[in-house]
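Here are a few notes to read alongside the model. Take a look at the fold first, and then go through the points in order.

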Amino acid sequence: MGSDFYFWATVLITFLATVVGGKVSRMRKKNNNNKKKATPPGPKKLHVIGNLHQLMAKSHQSMGPHRRLGELAQQHGPVMALQLGQVPHVVISSAAAAEQVMKTHDAVFASRPSSLTGHILFYGSKDLFFSPYGDHWRQMRKLCTLELLTARRVASFRSIRAEELSRLVSALSAAAAATAEGRIVDLKTMLLSLTNTITFRSAFGMASPKLTEEFVSVVDRITGAIGGFKLSDLFPSVKFLPVVTGLQSRLAAIRRAVDGVLDEVIGQHVEARRRRQEVRSSSSATEETTEDLVDVLLNLQQEGTGGGGGAAADSVHQYLTMDAIKAILLNMFLGGTESAALTVEWVMSQMMKNPSVMQRAQKEVRSVFRDNVDEERLHQLEYLHAVIKETFRLQPPSPLLSPKLTGENVEIGGFEVSTKSRVLVNVWAIGRDPQYWTEPERFYPERFLNSPIDYKGTHFGLIPFAAGRRMCPGIQFGMTIVQFTLANLLFHFDWKLPRGVEPESLDMTEIFDTALRRKEKLCLVPVIPARAASK
Ligand code: HEM
């Protein structure tokens with residue numbers, strides 16, 4: 001969100017532009033005309049910037065918008081109005097109100113406001129995440145749920161996950177054997193590299209380390225660019241803001257870099273397909289290859305010209321331009337890699353802080369698996385699953401959902417939410433709502449044993465993947481990686497904190513930009529358990 005100086009200087013320029021344009025008086029008049037009896041309550045706002053100062057002052061920035069909005073909701077209620085710049089927002093902070101937004105009136109809130117980031121980085125919002133609700137979004141959604149992220153497709157990448165996990169276990173074993181005490185590992189970096197590689201290979205097949213590195217670096221740049229509130233989105237009438245803040249040129253540079261890497265990846269696939277077709281037409285042998293996601297997308301695109309697409313192919317190919325293919329591929333990376341790595345990291349952090357939970361989860365894993373971990377029996381890990389849910393409740397990777405654009409005036413929690421408002425669902429606050437959860441601050445996975453509460457979008461107290469039409473389509477892909485990785489970490493190793501760090505003093509400070517991360521790296525010591533060492 002930038003430094004205070006940068007922020008206030010930009011606000012000042014914006015203020016002048018707004019005054020010169022005579023917009024202040026027009027906005028006031030409009031607000032008066034639109035005043036409804038039961039608009040949601042909210043903190044007092046200032047002219048021009050509205051409630052921005054209540055979020056963006058330095059002391060508030062450091063706690064993260066999810067916590068700050070949670071604090072404000074405690075004063076103003078679970079359906080709270082905020083004016084951020086020129087744009088009216090409504091913040092939802094209870095399970096009941098979230099259910100009204102993402103179930104009862106889901107279609108009204110299914111769109112996204114247009115954003116410069118989505119427009120520039122995601123090829124005119126031709127992806128799934130930034131796409132407004134409409135035909136393009138519907139086709140992209142169908143493509144993801146019926147082709148790219150099905151249980152069958154996820155299963156087809158099993159050998160990739162097994163190979164990459166085996167590589168990670170070898171690296172950790174080497175660290176464990178390095179000295180009598182074992183060596184400290186930076187688990188955060190290792191996990192991110194694991195999920196990057198699994199997603200990269202599932203989407204692109206094998207590629208040179210150089211291309212992998214280039215792609216991971218551009219994804220990092222995108223991640224850095226999409227977080228936080230953008231002044232240009234909050235003052236949409238001030239057209240020069242993206243230029244004077246440098247946002248537009250920054251995004252354009254990233255887009256050129258992304259485009260270069262994606263062109264190379266897609267070009268390599270097109271060439272490999274051409275060679276395969278040549279081989280097929282000159283020999284009767286049919287070669288069985290596992291399709292990666294680029295292959296699936298190119299097949300579907302060709303469907304209109306006689307290619308061999310699958311269940312979604314009948315209509316999607318008209319929408320599947322090269323830009324849409326690139327935008328969807330970016331979604332797979334941005335949705336898939338960091339959230340899964342962060343989830344594993346938070347679960348491990350919570351277990352290190354709560355040693356009895358670690359012991360119980362480890363005992364379960366070691367009783368279900370004998371020689372190695374396999375994906376078929378992950379569903380038997382009932383306690384580990386409860387630990388993951390409890391971590392999602394307290395540290396959801398997306399604590400604040402991206403703004404939803406209200407399509408018409410609608411009543412939520414007894415208040416009128418007016419058309420074109422942006423609705424923010426505070427998943428983090430809902431996970432700690434004392435009306436829904438007993439002892440909400442306590443890490444207590446046992447609350448989920450013998451409980452029907454799940455994260456599949458029907459229990460609105462636990463919505464780490466959101467719910468409704470805009471719910472995450474990658475749950476199966478993501479959760480298979482999360483469960484398989486955790487089972488391996490617990491099966492093969494015991495875990496110690498570095499010398500001098502006690503469970504009670506393990507730093508759990510969070511930062512939130514695009515996702516909820518640990519402020520400090522998670523550094524742990526892997527130890528080969530006695531029974532395995534004596535084999
Ligand atoms: C632990 C892992 C994951 C978590 C916690 C997670 C969470 C979420 C959440 C909360 C949303 C809604 C975002 C919002 O409204 O602001 C979402 C949407 C989305 N996720 Fe995930 N996700 C995960 C894994 C994945 C994976 C593996 C993929 C793809 C490979 C993926 C692709 C997407 C896409 C494309 C959307 C946009 C859907 C739409 O707008 O229609 N996610 N995810």
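This is a predicted model: local features need pLDDT of at least 70, side-chain atom pairs count only at pLDDT 80 or more; totals for chains, interfaces and linings use all residues.

1. How many residues surround the ligand, and which are the closest? There are 25 of them, and Gly335, Gly336, Cys472, Gly474 and Gly478 come closest. A residue is counted here if its C-beta atom, placed from the backbone, lies within 6 Å of the molecule. H18 provides the largest share, with 7 residues. By type, the shell divides into 14 nonpolar, 9 polar and 2 charged residues.

2. Residue numbers start from 1 along each chain as its sequence is written.

3. Now the overall picture. The protein chain has 23 helices and 11 strands. These are DSSP runs numbered from the N terminus, with helices (H or I) of at least four residues and strands (E) of at least two. Of the 535 residues in the protein chain, 42% are buried. Buried means 20 or more other C-beta atoms within 10 Å of the residue's own, exposed means 12 or fewer, and partly exposed lies in between, with C-beta atoms placed from the backbone. Among contacts in the protein chain between residues at least 6 apart in sequence, 75% join residues at least 24 apart. Two residues are in contact if their C-beta atoms, placed from the backbone, lie within 7 Å.

4. Back to H18, which covers residues 322-353. From its first C-alpha to its last, this helix of 32 residues reaches 47 Å, close to the 46 Å expected at 1.5 Å a residue. The expected span is 1.5 Å times one less than the number of residues. H18 is also mostly covered, with 29 of its 32 residues buried.

5. Pairing requires at least two DSSP bridges between two strands. E1 and E2 run antiparallel and are joined by 6 bridges, and Met80 stands opposite Val91 in E2. Their hairpin has 2 residues between the strands, and Gly85 takes a positive phi near 65° there. On to the next pair: E2 (residues 87-92) and E7 (residues 422-425) pair in the parallel sense over 4 bridges, with Val90 opposite Val423 in E7. Because 5 of the 6 residues of E2 are buried, this strand is largely enclosed by the rest of the structure.

6. Another open sheet has 3 strands in the order E3-E11-E8, with antiparallel pairing. Its edge strands are E3 (185-186) and E8 (494-496), each of which pairs on one side only. E3 and E11 (residues 523-527) are joined by 2 bridges, and the partner of Val185 in E11 is Leu524. Helix H10 (residues 158-178) packs on this sheet, touching E3 and E11, and its direction makes about 85° with that of E11. For such angles, axes are lines fitted to C-alpha atoms, for helices over the stretch in contact, and values run from 0 to 180 degrees between N-to-C directions.

7. Ser125 is not a glycine, yet has a positive phi of about 55°. Ser125 sits in the loop between helix H7 (116-121) and helix H8 (135-148), and counts as buried because 21 other C-beta atoms lie within 10 Å. Ala466, also a residue other than glycine, has a positive phi near 65°. Ala466 lies in the loop between helix H21 (427-431) and H22, and is buried, with 20 other C-beta atoms within 10 Å.

8. Finally, is Ser367 buried or exposed? Ser367 counts as exposed because it has 10 C-beta neighbours inside 10 Å. Ser367 belongs to helix H19 (residues 355-368). Its C-alpha atom is separated by 9.7 Å from that of Leu381, 14 residues apart along the chain.

Definitions and conventions
Ala, Val, Leu, Ile, Met, Phe, Trp, Tyr, Cys and Pro count as nonpolar, Asp, Glu, Lys and Arg as charged, and the others, Gly among them, as polar.
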